[in-house]
Amino acid sequence: MLQYIARRLILVVVLLWIVSMVTFGIFFLIPKATHTSTAALFAGKAPTSDTIKEIEVKFGLNDPIPVQYWHFVEGVFVGRDYDAGASRDHCPAPCLGFSFVNNVPVWQEITSDLPVTISMAIGAAILWLLAGTAIGVLSALRRRSFFDRAAMGVALAGVSLPIYFTGLVLLSLISYKWNILPNVHYVGITQNPLSWARNLLLPWISLAFLYAALYARLTRAGMLETLGEDYIRTARAKGLSEQRVIGRHALRAALTPIVTIFGLDLGQLLGGAILTEYTFGFVGIGKLSVDAIFRQDLPVILGVTLFAAFFIVMANLIVDVLYAFVDPRVRYS
Amino acid sequence: MSEAGSNGAASSGSASSGSGPSAFLDVRDLRIHFPTDDGLVRAVDGLSFTVERGQSLAIVGESGSGKSVTSLGILGLYNKRNAKVSGEIHLDGQELVSASPDAVRALRGQKMSMIFQDPLSSLHPYYTIGWQIMEAYRVHNHVSKAQARERAIELLRRVGIPQPDKRVDDYPHQFSGGMRQRAMIAMSLSCNPELLIADEPTTALDVTVQAQILDLMKDLQQEFNSAIIVITHDLGVVAEVADDVVVMYAGRAMEYGKVGDIFYEPEHPYTWGLLGSVTRMDRERTERLLPIPGNPPSLINVPPGCPFHVRCRYGHLNGGKEREVVPDLTETKPGHYVACHLPIEERRRIFRDEVATLL
């Protein structure tokens, strides 16, 4: 098992390396496509040729792309000094470069926005996991009842409605019309946990509504399939109570696939919940990345892409490892 | 011809008479119907039989003849929402069809238990063999985990699992097919059941393992003096374990009697068909099997009259009666019941002259 994890971790590194290389290509491709130089992108509006030259020297933009990439990798692991004679900047490891727009280290930008995204994703994930599976199980047990039909109808709406619709409806009703949660904005958990939770409640609910709908349907389908399995009949034939048949035998098997998609969904969400962040005006990784794309802030795009890739790859790994514990038939060697 | 006349009228001549239950398991006029969108599925339609302690009854028939439904019905695994169960099931004097679900549940796994076919899908893949046996034991016995574990190991040893103290912690997928079936048997024996129902216990197993499992079941029966119902379509299994045989077709008993009578003096054309479909080691390979033409009927649209008449080679001898009147299960000699319109002399003559030589 440890060996398996070690091997997978090596693969993670290789994958991130490939992602970084591919993404690094934008430093070469974008300026070419837009007929500007990378230095001009950095220098801002109407730069003098001296500024451009200084930037080119400072960031080594005249070096061949492979050399530039090498310096980038070096920066990630040991830090990097940008030296242009007059101006000199140190970028400590892990260095992902400086934002073109505000000259802030990319690492710092990302890590300052990350708590917002993590708060949103994890809170919503807990909510949708609990609500989705509970509704799914109840629906399966009361198949074709009024509850089942109503829940699956709402779930269909949940899957279909985009987050900027549910989010805005929630905002307009709860925040503006009824003034229950006015002035939604992000407050750090360390500053005020209560305020943190209160402000995140609406994003959590709108995100969770979308995902819970999907999870309810998946759980219901899984539960119905499991209830038809032979081992459920065996459990009943043992004389177990219906409660135990459902709780210990059916649920255990029905929830296993949920583990997989839960890990993947959460990993993806940690890479930025763009629509939710925009809808509620929260500045997380998602908004950071979209803004960076509009401003052609190449180092930030690169950094955010690497982070998102990291979350997804790690989520995959965790899911696979977890699976071996959930399903005894899965053994990695 | 006088017997043919009594055939039509004899509704009292069914397998069990109207007196109080005397046998250990006494099933009377059991009907299990499932309402579906396509119509009413009559999976079991008026089945009666008895089993004594220490005796084995085999229920044979093609797929879809209602064998498994019968066994699940006895265990009370159908609920009122999706099945209509009527008739009587007396187990050791207690009537089960009218009993409360909780009362039947208390008997299930304890007084009566079941061995399912295909032990891989019938055992929970996420729990160890030991855990599943312990669970079965602990539902009906208030014992500690350690005691239940001792019991599980002892049961596994009893059914011939090597190193039971180690294998008790294995998962089903770590067992071979034969071992899984043994584990399944160990689980069903955990509470010393007095009635054991085995639903095709050897279907998924290869022949050598089949023989071991059947021997094991016979040994255990002698030890515990339990009543056994074996559900199978394998006449080899029937010959091996059964005292009595019920031949089922379309949810009804076509023939019911001692195993010797069924094998050597079968009276129902369907039974002849089953016997004719068996491969025999003592026959020339050039001799063809005698399959029954056609397919079993849909249980929603059971043919009127004798359900078998569509496939019966001799149905036309009854002058149309076979298409209108459902034949009753009638005693043709002590302990031998047959549901057939053919006059008894005619039936015996056909068997003697036309069928027996081919079997």
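1. Asp45(B) belongs to strand 2 of chain B, residues 39-51, where strands (E, at least two residues) and helices (H or I, at least four) are DSSP runs numbered from the N terminus. The residue is buried, at a relative accessible area of 10%; buried means under 20%, exposed means over 50%, and partly exposed is what falls in between, with a 1.4 Å probe and protein chains only. The side chain of Asp45(B) makes a polar contact of 3.1 Å with the side chain of Arg31(B), a polar contact being a pair of N or O atoms within 3.5 Å of which, within protein, one must be able to donate a hydrogen and the other to accept it, while residues adjacent in sequence count only if both atoms are side-chain atoms. Not counting residues up to four places away in sequence, Asp45(B) touches Leu30(B), Arg31(B), His33(B), Gly251(B) and Arg252(B), contact here meaning heavy atoms within 4.5 Å.

2. On provenance and conventions, this is a predicted model, in which local features need pLDDT of at least 70 and side-chain atom pairs count only at pLDDT 80 or more, whereas totals for chains, interfaces and linings use all residues. Residues are numbered from 1 along each chain as its sequence is written, chains are lettered from A and ligands numbered from 1 in the order in which they are written, and side-chain values use heavy atoms, with hydrogens and water left out.

3. For the complex, the predictor gives an ipTM of 0.84 and a pTM of 0.80. Chain B has a mean pLDDT of 87, with 93% of its residues reaching 70 or more; pLDDT is the predictor's confidence in each residue, on a scale from 0 to 100. Over residues 1-17 of chain B, however, the pLDDT is below 50, and this stretch has 28 contacts in the model beyond near neighbours in sequence.

4. Chain A averages a pLDDT of 85, and 97% of the residues score at least 70. Within chain A, confidence is lowest in helix 3 (residues 38-43), at a mean of 72, and highest in helix 10 (residues 230-237), at 94.

5. As to overall build, chain A has 15 helices and two strands, and its C-alpha trace spans about 85 × 60 × 40 Å along the principal axes. Of its 333 residues, 46% count as buried, and among contacts between residues at least 6 apart in sequence, 64% join residues at least 24 apart. Chain A exposes about 17,000 Å², of which carbon and sulfur atoms supply 67%.

6. Lys111(B) sits in the loop between helix 3 (101-107) and strand 6 (112-115) of chain B, and this lysine counts as buried at 18% relative accessibility. Leaving aside neighbours within four places in sequence, Lys111(B) is in contact with Phe24(B), Leu91(B), Asp92(B), Pro193(B), Glu194(B) and Leu195(B).

7. Glu265(B) lies in the loop between helix 11 (259-264) and helix 12 (269-276) of chain B and is partly exposed, with a relative accessible area of 42%. The side chain of Glu265(B) makes a polar contact with that of Lys333(B), at 2.6 Å; the residues that Glu265(B) touches, not counting those up to four places away in sequence, are Glu255(B), Gly260(B), Lys333(B), His336(B) and Phe351(B). Glu265(B) and Leu47(B), which are 218 residues apart in sequence, are 22 Å apart in space, C-alpha to C-alpha.

8. Two backbone angles deserve a mention. Gln296(A), in the loop between helix 14 (285-294) and helix 15 (298-326) of chain A, has a phi near 55 degrees, a positive value in a residue other than glycine, and is partly exposed at a relative accessible area of 25%. Asn225(B), in the loop between helix 9 (207-224) and strand 8 (227-232) of chain B, likewise has a positive phi near 55 degrees in a residue other than glycine, and counts as partly exposed at 41% relative accessibility.

9. Phe310(A) lies in helix 15 of chain A and is partly exposed, with a relative accessible area of 35%. Phe310(A) and Leu16(A) are 294 residues apart in sequence and 6.8 Å apart in space, C-alpha to C-alpha.

Terms used
Areas by Shrake-Rupley, 256 points an atom, 1.4 Å probe, with all protein chains shown as cover.
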